[in-house]
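Please read it with the sequence and the coordinates at hand.

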Amino acid sequence: MQKQRKSSKPAKPVRVPYLTGSVYDSETPKSALLMFAGLCGVGLGFLLLGITLSFDNVPLRIALNILLLGMEYLLFYYSGISRGAIAVNQGEIMYRRQETEREISPSERSRCYHPLKGYLIGLIGTAPLLLCAIVLALTAHRQAYAIGPLPSWMNAFGTRDDIGPALAVYASPQPYTLTDFVRLVVRLALMPFVNMVGSENADLLLVLERVSPLLLLLPAAAYGFGYTRGTAVRTQVHTDIAQNKKKRAKKARREQRRRQTPQRRGPEALN
């Protein structure tokens, strides 16, 4: 029982010191561009899945779209973890250089881990979509049903003086405004929310468009929070390395004792 209790005792975390870098470094634009590319890829995925996840069964529709959003946030969360672990590793290397009094360039120092760097990367990567969402939130209005096209058989009545002016409104093109453009971009990025609200609910869609800047910041927040977990990942890595070293040392000591212990001889054969 005592052996089992000892073996089940959690390992003591091994924390390696590291240098802290700056909030912004030379790798930040590249990471932000990758973040933006990820958002575009997710938006394309939403476009492909949007039709299949907009059926009439409301509870199932909401559940599946929430699951889709969870997958999106987990994707950016784990991307942030990966980036944060790399930055902490850079900080550990720079700390060892500092301890050995070797030169550290400002660029190398700035690439070290900083707890706010992940949030800045997420914010810069989301900035193009965020600007569209802010414009939409400021200019959005409740949408009414648009005028549909006339049947082709009614085109002949367009030349009549008594009917033509009334039908002219159907033939006149509707102007495409800046709000329409940013609405298309934002709704594509927030397709699961649009599916949950439903295209027939104009009031809730208006609320969704008004709060769209906050909703678009959720992937950036997931990325930034994941980045802060980079320290825990590196701690776990060093803890696992220390545990493996202990196990190998313990195994080596057992092997050494086994070799040093004289082997017992069996009973000598009778003559």
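## Helix α3

The expected span of a helix is taken here as 1.5 Å times one less than its number of residues. The model is a predicted one, and in it helix α3 covers residues 58–99, which makes 42 residues. From its first C-alpha to its last, α3 reaches 61 Å, and this is close to the 62 Å expected at 1.5 Å a residue.

Y95 has its place in helix α3, and with a relative accessible area of 25% Y95 is partly exposed, because that class lies between the limits of 20% for buried and 50% for exposed. Although Y95 and Y18 are 77 residues apart in sequence, their C-alpha atoms are 5.2 Å apart in space.

## Overall architecture

What elements does the chain contain, helices or strands? The chain has 12 helices and 0 strands, so that the order of elements from the N terminus on is written as α-α-α-α-α-α-α-α-α-α-α-α. Of the 271 residues of the chain, 32% count as buried, a class that requires under 20% relative accessible area.

## The residue after α3

Helix α3 is followed by E101, whose phi is positive and near 60°; this residue is found in the loop between α3 and α4, the latter covering 106–110. Most residues other than glycine have a negative phi. E101 is not a glycine, and yet its phi is positive, at about 60°.

Is the side of the chain at E101 buried or exposed? E101 has a relative accessible area of 73% and is therefore classed as exposed, the cut-off for that class being over 50%.

## Surface patches

A nonpolar surface patch of about 400 Å² is made by L44, L47, L48 and L49. Of these residues, L48 has its place in helix α2, which covers residues 28–50, and L48 counts as exposed because its relative accessibility is 63%.

The other patch is positive and is formed by K250, K251, R253, R254 and R257. One of its members, K251, is found in helix α12, which covers residues 230–260. In an α-helix there are 3.6 residues a turn, so residues three or four places apart point the same way.

Conventions. Residues numbered from 1 in each chain as written. Predicted model: local features only at pLDDT ≥ 70, side-chain atom pairs only at ≥ 80, totals over all residues. Heavy atoms only, no water. Helix = DSSP H or I, 4+ residues; strand = E, 2+ residues; numbered from the N terminus. Patch = residues over 30% accessible without salt bridge, like charges linked within 9 Å, V, L, I, M, F, W, Y side chains within 5 Å. Areas by Shrake-Rupley, 256 points an atom, 1.4 Å probe, with all protein chains shown as cover. Salt bridge = Lys/Arg side-chain N within 4 Å of Asp/Glu carboxyl O. Lys, Arg positive; Asp, Glu negative; His and termini not counted. Charge placed at Lys NZ, Arg CZ, Asp CG, Glu CD. Buried < 20%, exposed > 50% of the residue type's maximum accessible area, 1.4 Å probe, protein only.
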